[in-house]
Amino acid sequence: MTEELNLMGHDSDGGSEEVVLTPAELIERLEQAWMNEKFAPDLLESKPEIVECVMEQLDHMEENLRRAKKGDLKVSIHRMEMERIRYVLSSYLRCRLMKIEKFFPHILEKEKTHHEGEPSSLSPEEFAFAKEYMANTETYLKNVALRHMPPNLQKVDLLRSVPKPDLDSYVFLRVKERQENIMVEPETDEQR
């Protein structure tokens, strides 16, 4: 496949520019986003343009496979590749939803203080999910537990009661190209 896909990117001025990618480059970006999200302790920047392009590409591949011969070996191989791509995409989205459910008050608080020019960590759909999840959690807590408590204990602060992401945890990284002048600070007794 030599077709190219359009992907909206952001330039250094905060404006949008269109980036043309091949399907292989698009899948590579999806896999990179998936691995980064999987190993990061916090919710990373949302990549809705990659998700949307991959979904369109999968639909396009499905149409092509419907037109292909049924007994052809290439069809089976393409189907396996499509299932692999679907797995990576759904795993990426599941990982993001799991972090949203785990850290929802902190993520929503971060979104409130988020400035206009910087990229958002939530897509519009994820933001709606996080708000609804928070409302449902508060309603559930009130209906099941808080209404049976004394009046002075019927208020719960979700920001204090839900754990924050551990930003001091270890992460794995791989250097993909040579970098110059990287300073690694020596450990102090406190960091050990």
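**Figure 1. E37 and R96 are both buried.** Buried means a relative accessible area under 20%, exposed means over 50%, and partly exposed lies in between (1.4 Å probe, protein chains only). The side chains of E37 and R96 meet in a salt bridge, with 2.8 Å from N to O. This pair links distant parts of the chain, since E37 sits in helix α1 and R96 in helix α3, 59 residues apart. A salt bridge is counted when a side-chain nitrogen of Lys or Arg lies within 4 Å of a carboxyl oxygen of Asp or Glu. The model is predicted: local features need pLDDT of at least 70 and side-chain atom pairs count only at pLDDT 80 or more, while totals for chains, interfaces and linings use all residues. Residues are numbered from 1 along each chain as its sequence is written, and side-chain values use heavy atoms, with hydrogens and water left out.

**Figure 2. The chain as a whole has five helices and two strands.** From the N terminus on, the elements run β-β-α-α-α-α-α. Helices (H or I, at least four residues) and strands (E, at least two) are DSSP runs, numbered from the N terminus. The chain has 192 residues, and buried residues make up 27% of them. Its accessible surface comes to about 14700 Å², and 54% of this belongs to carbon and sulfur atoms. Accessible areas come from the Shrake-Rupley method with a 1.4 Å probe, and for residues only the protein chains shown count as cover. Of the contacts between residues at least 6 apart in sequence, 62% join residues at least 24 apart. Contact means heavy atoms within 4.5 Å.

**Figure 3. K110 and D42 form a salt bridge.** Their closest N and O atoms are 3.5 Å apart. K110 is in helix α3 and D42 is in the loop between α1 and α2, so the pair ties together parts that are 68 residues apart in sequence. K110 is partly exposed because its relative accessible area is 39%. D42 counts as buried, because its relative accessibility is 16%. Side chains of opposite charge can pair when their charged atoms come close.

**Figure 4. E62 and R79 form a salt bridge.** The closest N and O atoms of E62 and R79 are 3.5 Å apart. E62 belongs to helix α2 and R79 to helix α3, and the pair links these distant parts of the chain, 17 residues apart. R79 counts as partly exposed, because its relative accessibility is 35%. Elsewhere, salt bridges that share partners join E37, R96, K99 and E126 into one network. The structure holds 10 salt bridges.

**Figure 5. F104 is a buried residue of helix α3.** F104 counts as buried because its relative accessibility is 4%. Leaving aside residues up to four places away in sequence, F104 touches K99, Y133, M134, T137, L158 and V162. The C-alpha atoms of F104 and F127 are separated by 9.7 Å, and these two residues are 23 apart along the chain.

**Figure 6. S123 lies in the loop between α3 (73-112) and α4 (124-144).** S123 is buried, because its relative accessible area is 8%. Not counting residues up to four places away in sequence, S123 touches S46 and P48.

**Figure 7. E52, E56, D59, E63 and E125 form a negative surface patch.** Patches are made of residues with over 30% relative accessible area and no salt bridge; like charges are joined within 9 Å, and nonpolar side chains (Val, Leu, Ile, Met, Phe, Trp, Tyr) within 5 Å. Lys and Arg count as positive and Asp and Glu as negative, while His and the chain ends are not counted. The place of a charge is taken as NZ of Lys, CZ of Arg, CG of Asp or CD of Glu. Helix α2 (residues 48-67) gives the largest share of the negative patch, four residues. E63, found in helix α2, is partly exposed because its relative accessible area is 41%.

**Figure 8. M35, F39 and F172 form a nonpolar patch on the surface.** Together they have about 340 Å² of accessible area. F39 is found in helix α1 (residues 23-39). F39 is partly exposed, because its relative accessible area is 39%.

**Figure 9. N181 has a positive phi although it is not a glycine.** The angle is about 55 degrees. Most residues other than glycine have a negative phi. N181 is found in the segment after α5 (158-161). N181 is exposed, because its relative accessible area is 79%.
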